[in-house]
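Let's take a friendly walk through a protein model together. Have a look at the sequence and the structure before reading on.

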Amino acid sequence: MYRNVEELMGKKKASSTGCLKAKNGEIIMEKDKILERWSEYIKELFDNERKEIEVMKGNLTGPPILKDEVRTAIWKMKNGKATGPDNIAAEQIKALDEFGINKITELLDEIYETREIR
């Protein structure tokens with residue numbers, strides 16, 4: 001079936017004509033002008049005119065993170081998955097049992113209160 005579809009559709013090849021359209025629609029054929037246009041295009045593409053992100057203000061405090069929430073989150077983690085950038089597997093966290101739940105809860109509460117990850 002694949003061969004039949006390929007026969008009907010034909011193989012598509014990328015065409016490279018060595019030319020490019022300028023902003024005004026003119027066709028550019030000279031290599032130095034093509035490079036100039038690409039440079040202009042990339043600058044426009046990555047031009048950053050976004051506003052500064054405002055820092056959240058006001059009362060951002062809430063109740064502390066509960067051990068039950070941490071316990072539930074840990075036990076919902078799937079075993080046998082690849083580790084993240086910290087190289088800690090779900091099985092390792094689960095093996096820490098109640099000690100790990102207490103330490104992770106303390107750590108998360110500290111991050112929540114200070115709004116800083118150290």
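This is a predicted model: local features need pLDDT of at least 70, side-chain atom pairs count only at pLDDT 80 or more; totals for chains, interfaces and linings use all residues.

Residues are numbered from 1 along each chain as its sequence is written, and side-chain values use heavy atoms, with hydrogens and water left out.

The protein chain has five helices and two strands; both are DSSP runs numbered from the N terminus, with helices being H or I of at least four residues and strands E of at least two. Of the 118 residues, 11% count as buried, where buried means under 20% relative accessible area, exposed over 50%, and partly exposed in between (1.4 Å probe, protein chains only). The accessible surface of the chain is about 11,300 Å², and 56% of that belongs to carbon and sulfur atoms; such areas come from the Shrake-Rupley method with a 1.4 Å probe, and for residues only the protein chains shown count as cover.

Now find helix 3 (residues 67-76) and helix 5 (residues 97-114). Their axes come within 9 Å and cross at roughly 115°. Axes here are lines fitted to C-alpha atoms, for helices over the stretch in contact, with angles from 0 to 180 degrees between N-to-C directions. Contact means heavy atoms within 4.5 Å. Among the residues that meet are V70, I74 and W75 from helix 3, and I101, I104 and L108 from helix 5.

Most residues other than glycine have a negative phi. Yet N87 has a positive phi of about 60°, and D97 has one of about 50°. N87 sits in the loop between helix 3 and helix 4 (90-95) and is exposed, at 57% relative accessible area. D97 belongs to helix 5 and is partly exposed, at 45%.

Finally, which residues form a nonpolar patch on the surface? They are W38, Y41, I42, L45 and F46, with about 540 Å² of accessible area together. L45 lies in helix 2 (residues 31-45) and is partly exposed, at 47%.

Technical notes: Patches are made of residues with over 30% relative accessible area and no salt bridge: like charges are joined within 9 Å, nonpolar side chains (Val, Leu, Ile, Met, Phe, Trp, Tyr) within 5 Å. A salt bridge is a side-chain nitrogen of Lys or Arg within 4 Å of a carboxyl oxygen of Asp or Glu.
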